[in-house]
Amino acid sequence: MKQHKTKRKRLLVLALCLLTALSMLPVTAMAGADANSATEGQVNITKTLVSSIPDKDGNYTIKLTVQGNPVTHNVQPNADVVLVVDCSGSMDETFLGINSRMKAAKKAGKIFADGILTTGSGNRMAVIGFSSKKQNIFGGWYGNPIKVKTELLEDSKKIKDAINQMSADGGTDYTAALTEAKQILDTKNDKTRPGYVIFISDGGPGKKGGSQNDPAWNGSAQVTQLKAASIKIYTVGIELEDTAASYLRSMATDVNHYVNILKNSVGKDLEGILTEWAETI
């Protein structure tokens, strides 16, 4: 009997030694720690001696419980994007004598739509094609400066169908276009979804440009409102002169959200820029 008790004592000592050794393992939390309160990627081990009485073979059972706090990834939330395309008469000008700026913008816009509205992305997109009202012989203005418009959609085909309807004619009414863009984004039910405006133009605001200082044409109030609502504004100039380029740059959220495409590279560069921005969004 004395020998059996001595054996049990030795086994108990061995078990306690094992527990001591486990306590030296490089874990970040010990028994009783709450995995939910741990930092991301942290592992917690709980060690418990199930019974101080050995089994029939003299073995002791130790229970190890391992818990971890998973590493989360920064998932970009679903976005609402409005593509605004200048459809003024100058957009019908050709480069290299081959394609018009309008044709290049339409092709790039459809590539952009495919990049934003990927399957399962949850993103939505709207498109606006704008020019200006027309002026009659008495100096009065008539018509609608918004030539093409959709609501926010998840269907890229409907967006591309709308883009195909664009044609070039008239002046460049930034105010009308940006008012429409803001109204579209204001309809969002979920205000936590990030909003974006992608604005493409080959000229300054106005009947024939040159109205950068006129709020009736330049969209300055609407830009201020969009930025105040945390809407990011990307602007693309197509062969703009210095004054018009400077104004379009000022509309953008920052200098990294603006580009002025140079002559003879409109199609290729516009597609590249919109593809890059679609991936960023």
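This is a predicted model: local features need pLDDT of at least 70, side-chain atom pairs count only at pLDDT 80 or more; totals for chains, interfaces and linings use all residues.
How do the residues of the lining of the second largest pocket divide into nonpolar, polar and charged?

## Pockets

The lining of the second largest pocket divides into 5 nonpolar, 2 polar and 5 charged residues. This pocket holds about 160 Å³ of space. Its lining is made up of Lys182, Leu185, Asp186, Lys188, Lys191, Arg193, Pro194, Gly195, Leu226, Ala229, Ser230 and Ile231. Helix H4, residues 174-186, supplies the largest share of that lining, with 3 residues.

The largest pocket has a volume of about 220 Å³. Its lining counts 16 residues, and those nearest the centre are Ser90, Thr172, Gly203, Lys208 and Gly209. By class, the lining of the largest pocket has 2 nonpolar, 10 polar and 4 charged residues.

## Aromatic pairs

The whole structure contains 6 aromatic pairs. One of these joins Tyr196 and Tyr234, with 6.2 Å from centre to centre and 45 degrees between the planes, a tilted arrangement. Tyr196 belongs to strand E10 (residues 195-201) and Tyr234 to strand E11 (residues 232-238), so this pair links distant parts of the chain, 38 residues apart. Both Tyr196 and Tyr234 are buried.

Tyr234 also pairs with Trp277: the ring centres are 4.7 Å apart and the planes stand at 55 degrees, so this pair too is tilted. Because Tyr234 sits in strand E11 and Trp277 in helix H8 (residues 266-280), the pair ties together parts that are 43 residues apart in sequence. Trp277 is buried, as is Tyr234. Elsewhere, ring pairs link Phe130, Tyr174, Phe199 and Tyr247 into a cluster.

## Asn123 and its loop

Asn123 is located in the loop that runs between helix H2 (101-116) and strand E6 (124-130).

The side chain of Asn123 reaches back to Ile116, where the backbone oxygen is 3.0 Å away. Leaving aside residues up to four places away in sequence, Asn123 touches Asn78, Ala79, Ile116, Leu117, Leu153, Glu154 and Arg193. Of these, Arg193 is also one of the residues lining the second largest pocket.

Ala113 is placed in helix H2. Its relative accessibility is 0%, so Ala113 counts as buried. With residues up to four places away in sequence left out, Ala113 touches Met125, Ser156, Ile159 and Lys160. Ala113 and Leu83 are separated by 30 residues in sequence, while their C-alpha atoms are 8.8 Å apart.

Asp161 is part of helix H3, which covers residues 156-164. Its relative accessible area is 34%, so Asp161 is partly exposed. The C-alpha atoms of Asp161 and Lys110 are 9.0 Å apart, although 51 residues separate the two in sequence.

Notes:
Residues are numbered from 1 along each chain as its sequence is written. Side-chain values use heavy atoms; hydrogens and water are left out. Helices (H or I, at least four residues) and strands (E, at least two) are DSSP runs, numbered from the N terminus. Buried means under 20% relative accessible area, exposed over 50%, partly exposed in between (1.4 Å probe, protein chains only). A polar contact is a pair of N or O atoms within 3.5 Å; within protein, one must be able to donate a hydrogen and the other to accept it, and residues adjacent in sequence count only if both atoms are side-chain atoms. Contact means heavy atoms within 4.5 Å. On a 1 Å grid over the protein atoms alone, a cavity is a set of points where a 1.4 Å probe fits but cannot get out, and a pocket is an open set with protein on both sides within 12 Å along at least five of seven lines; lining residues have an atom within 4 Å of a point. Grid points are joined across faces, edges and corners, and a volume is the space filled by probe spheres set on the points. Ala, Val, Leu, Ile, Met, Phe, Trp, Tyr, Cys and Pro count as nonpolar, Asp, Glu, Lys and Arg as charged, and the others, Gly among them, as polar. Rings of Phe, Tyr and Trp (its six-membered ring) pair if their centres lie within 6.5 Å; planes under 30 degrees apart count as stacked, over 60 as edge-to-face and the rest as tilted.
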